[in-house]
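Colleague: Before I use this model, I would like to know what stands behind the labels. Please take me through them.

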Amino acid sequence: MSRNTKINALLLLLVVALAVLPLALGLGDHKKEPFTGSDAEAETAITQIEPDYKPWFSPLYEPPSGEIESALFALQAAIGAGVLAYYFGLRRGRRQGELRALARADGPDGTPSEGASARSASEPA
């Protein structure tokens, strides 16, 4: 087993443990809604400390249900992951293209061709 395979397996095991352990250990069993977001937790804490608290502003859009709110959050996360994946894929593709261009500029035996040596001497590294 290669080193990368071992690292990937360890990371996968860690992700599974992070997902399963809170459920297996019963974290949140004492709560009505055990896995709500931090916004709801903060709102509960504030109303316990100061029952007469009035918020400074209200949300621009209030989803009609928690399921829709979760779906919008998942959509936001998916769009962010897509943007990051596109960026990293673009960077990798450019790097591979540069390496291919350099390989084509070199001759078949690994020595630079006539035009390539003149270009590489004038271009910054």
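Modeller: Start with the surface: Leu60, Tyr61, Ile68, Leu72, Leu75, Ile79 and Val83 make up a nonpolar patch with about 770 Å² of accessible area together. This is a predicted model, in which local features need pLDDT of at least 70, side-chain atom pairs count only at pLDDT 80 or more, and totals for chains, interfaces and linings use all residues. Residues are numbered from 1 along each chain as its sequence is written, and side-chain values use heavy atoms, without hydrogens and water.

Colleague: What makes a group of residues a patch?

Modeller: Each member has over 30% relative accessible area and no salt bridge; like charges are joined within 9 Å, nonpolar side chains (Val, Leu, Ile, Met, Phe, Trp, Tyr) within 5 Å. A salt bridge would be a side-chain nitrogen of Lys or Arg within 4 Å of a carboxyl oxygen of Asp or Glu. Areas come from the Shrake-Rupley method with a 1.4 Å probe.

Colleague: Why is valine 83 called exposed?

Modeller: Exposed means over 50% relative accessible area, buried under 20%, partly exposed in between. Valine 83 has 54%, so it counts as exposed. It lies in helix H3 (residues 66–105); helices are DSSP runs (H or I) of at least four residues, strands (E) of at least two.

Colleague: Which residues form the negative patch?

Modeller: Asp39, Glu43, Glu62 and Glu69. Aspartate 39 belongs to helix H2 (residues 38–49), and its relative accessibility is 64%, so aspartate 39 is exposed too.

Colleague: Where is confidence lowest, and where highest?

Modeller: On the pLDDT scale, from 0 to 100, helix H4 (residues 114–122) is lowest at a mean of 52, and H3 highest at 93. Where pLDDT is low, predicted coordinates should not be read in detail.

Conventions: Lys and Arg count as positive and Asp and Glu as negative; His and the chain ends are not counted. The place of a charge is taken as NZ of Lys, CZ of Arg, CG of Asp or CD of Glu. Buried means under 20% relative accessible area, exposed over 50%, partly exposed in between (1.4 Å probe, protein chains only). pLDDT is the predictor's confidence in each residue, from 0 to 100.
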